[in-house]
Amino acid sequence: MSSLLPIAHALVARKDLPVPAWLFAWGASIVLIVSFFALSVGWRTPRFEKDRWRPLAAGLSRALIALPAQIFYGALGVFLPGLAIYAGLRGTEAPDRNFALTFLYVTTWLGFPLFSIFLGDVFRPFNPWRAVGRVVGGGFRALAGQRPAHLRYPERLGRWPAAIGLLAVVWLEIVYGASGGVAVGLEPHVAAVAALVYTGYTLTMMALFGVEQWCRTGEVFSVYFGMFGKLGCFGVKDGRLGVRRPLSAATKWATVPGSAAVVVASIASTSFDGAQEGAFKGALESTFNRLVDAGVGLTSALRLTDTLFMVLCFFGVALVYLIGVRGMAGVPGAPSFKKLRTGFAHTLIPIAFAYLVAHYFSLFVFQEQAQFTYLLSDPLGTGTTDIFGTASSGIDFRLLGANAIWYVQVGALVVGHVIGLTLAHDRATAYWGDYRQATRSQYWMLAVMVAFTCFGLYLLSVANA
Amino acid sequence: MNSNTARAAVGAVVVVVAIVLLIVLKSGGSDTNATTKGVTTIVIKNGEPVGGIAQLTYNKGEEVRFKVDSDVSDEVHMHGYDIMKDVKAGGSVNFDFPATIEGVFEAELEGRKEQILELTVNP
């Protein structure tokens, strides 16, 4: 018996069991063996650096991405989040019965990374703010007869606004949703108001810096989903849809400053969410108690504690990566520290995705059942509508056994690790002319990836324990 | 520097292996799937569980049994299994259902949003 610190999760009715010790040991061992194997079989010339892009048939490409299709995607992209905001404002405050939270934080936030990683940047056509921005920009051009004038985006700022925004989005869901020391989870109306505030902010920034510029560097969802999309196999070039070698587009992703911060923020926020259910439980509790003893209110103490640890996670993950980069910089023939720091950032994208799968796979499977049954039929959750006749359905929690969840979790971490190593090795062969030095530099990235993957496994092994 | 670098990398791997072993051995030692039999009573005083959130562990297929004695009137909601039962102030309510779903679940006083039980069902 222990008093548990409440965790602000609005939607999780079934939490994952901790990965058993034997599976943890197997997972960690496989990671180490795979890593040493990777070192010995490495290829000597880069394979992913060059663009290999083949156009799809013109008709197919046109049908999928020409203007009528764009209008359709854009309209759908505005309608569904619009519905979520409406449901959040007008619907029930029960988070699990309201369309808003599941749509924004599960279907969108977890669904787009999943589809992007295989297909490419699928969020771009559905991006509601981009759609609105383009319509407004088009209207301006038609009326004024000239392109709207934009401020010059400060290049040094790069993707930092998106990195900070990403932390803020996760913070809202897992930290803010607490009141009176009780974790009630994020309330739907709060999520809706936040979405409206974000809309105002995003449209303003688009007006200032231009729609495409802001999507490339500042708009959280574009940058975040787009990052995963770089691993996917479809891409648009000169208005034509084509197939590219998977992973290859990622090699150019981090050239914008602050990109490393985005991928670090992703790993860190998922880590924090996983760790608060296990690894950090004791530390969170004692910090919380200390704050309460110091006279801080319960809600503030809870939020302050969680915020503190989330920020610590960010710096912790960044530190591990930077140590690896520092180590590589010491290998003869290395490019500058700065170049290495951006040059290897994309190798962490697969790890970030693996963390997402490890921590949210079961939530996604369970919650999507709700999304496509009762939440679609009764978006407000008030029992007033039954649009598709599925309003009385429920979630079948028997769909996944604990074993299935464990294998997916550990499997994702191992596969993410291997892909990360692949990208890192490839980049090293591009940066170091000498193959032996390239391999030597990769001891460092290998240590970084082993650290992240084993930490991920560790988090799973103590989650909800 | 080169050999230092290699040594550092090997060192890092050794540290990781050591940590992995440590964790595995540690968790192996405390691997007590203490299955709770019989009926546990969760006493609610002033709307809060006495002694903190109760923790019950079962294996799949066993019968989950617990009783809630409450000094407040509320609804007890067993999440995941989605069982809801009303309890009156000064009254008690019995739960008795087969553990068919694996995972970790909460039971709470629905009106107060107060968690009173953490139920673990192992495969």
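**A buried glycine and its setting**

Modeller: Gly77(A) counts as buried because 20 other C-beta atoms lie within 10 Å (20 or more such atoms make a residue buried, 12 or fewer exposed, and counts in between partly exposed, with C-beta atoms placed from the backbone). This is a predicted model, in which local features need pLDDT of at least 70 and side-chain atom pairs count only at pLDDT 80 or more, while totals for chains, interfaces and linings use all residues. Residues are numbered from 1 along each chain as its sequence is written, chains are lettered from A and ligands numbered from 1 in the order in which they are written.

Gly77(A) sits in helix 3 (residues 67-90) of chain A; helices (H or I, at least four residues) and strands (E, at least two) are DSSP runs, numbered from the N terminus. Beyond four places in sequence, the contacts of Gly77(A) are Phe126(A), Asn127(A), Pro128(A) and Ala131(A), a contact being two C-beta atoms, placed from the backbone, within 7 Å. Of these, Phe126(A) is 49 residues away from Gly77(A) in sequence, yet the two C-alpha atoms are 4.4 Å apart.

Chain A as a whole has 19 helices and four strands, and 50% of its 465 residues count as buried. Its radius of gyration of 23 Å agrees with the value near 23 Å for a compact globule of 465 residues (taken over C-alpha atoms, with the globule rule being 2.2 Å times the number of residues to the power 0.38). Along the principal axes, the C-alpha atoms of chain A fill a box of roughly 70 × 70 × 45 Å. Among contacts in chain A with a separation of 6 or more, 81% join residues 24 or more positions apart.

Three strands of chain A make an open antiparallel sheet in the order 2-4-3, where pairing requires at least two DSSP bridges between two strands. Strand 2 (53-55) and strand 3 (234-237) of chain A are at the edges, each pairing on one side only. From one strand to the next the twist averages 45°. Three bridges join strand 2 of chain A to strand 4 (residues 240-244) of chain A, and Trp53(A) has Arg244(A) as its bridge partner in strand 4. Helix 2 (residues 58-65) of chain A lies across strands 2, 3 and 4 of chain A, at about 110° to strand 4; axes are lines fitted to C-alpha atoms, for helices over the stretch in contact, and angles run from 0 to 180 degrees between N-to-C directions.

The largest nonpolar core has 150 residues, and Val262(A), Val263(A), Val264(A) and Ile267(A) have the most contacts inside it (a core is a set of buried Ala, Val, Leu, Ile, Met, Phe, Trp, Tyr and Cys residues joined through C-beta atoms within 7 Å). Helix 19 (residues 435-462) of chain A gives this core its largest share, 17 residues. Another core, of six residues, lies apart from it and includes Trp129(A) and Trp214(A).

Caution applies to chain B, which has one helix and nine strands. Chain B averages a pLDDT of 82, with 72% of residues scoring at least 70 (pLDDT is the predictor's confidence in each residue, from 0 to 100). Helix 1 (residues 2-29) of chain B has the lowest mean among the elements of that chain, 61, and residues 28-36 of chain B stay under 50. Where pLDDT is low, predicted coordinates should not be read in detail. The model scores ipTM 0.83 and pTM 0.89.
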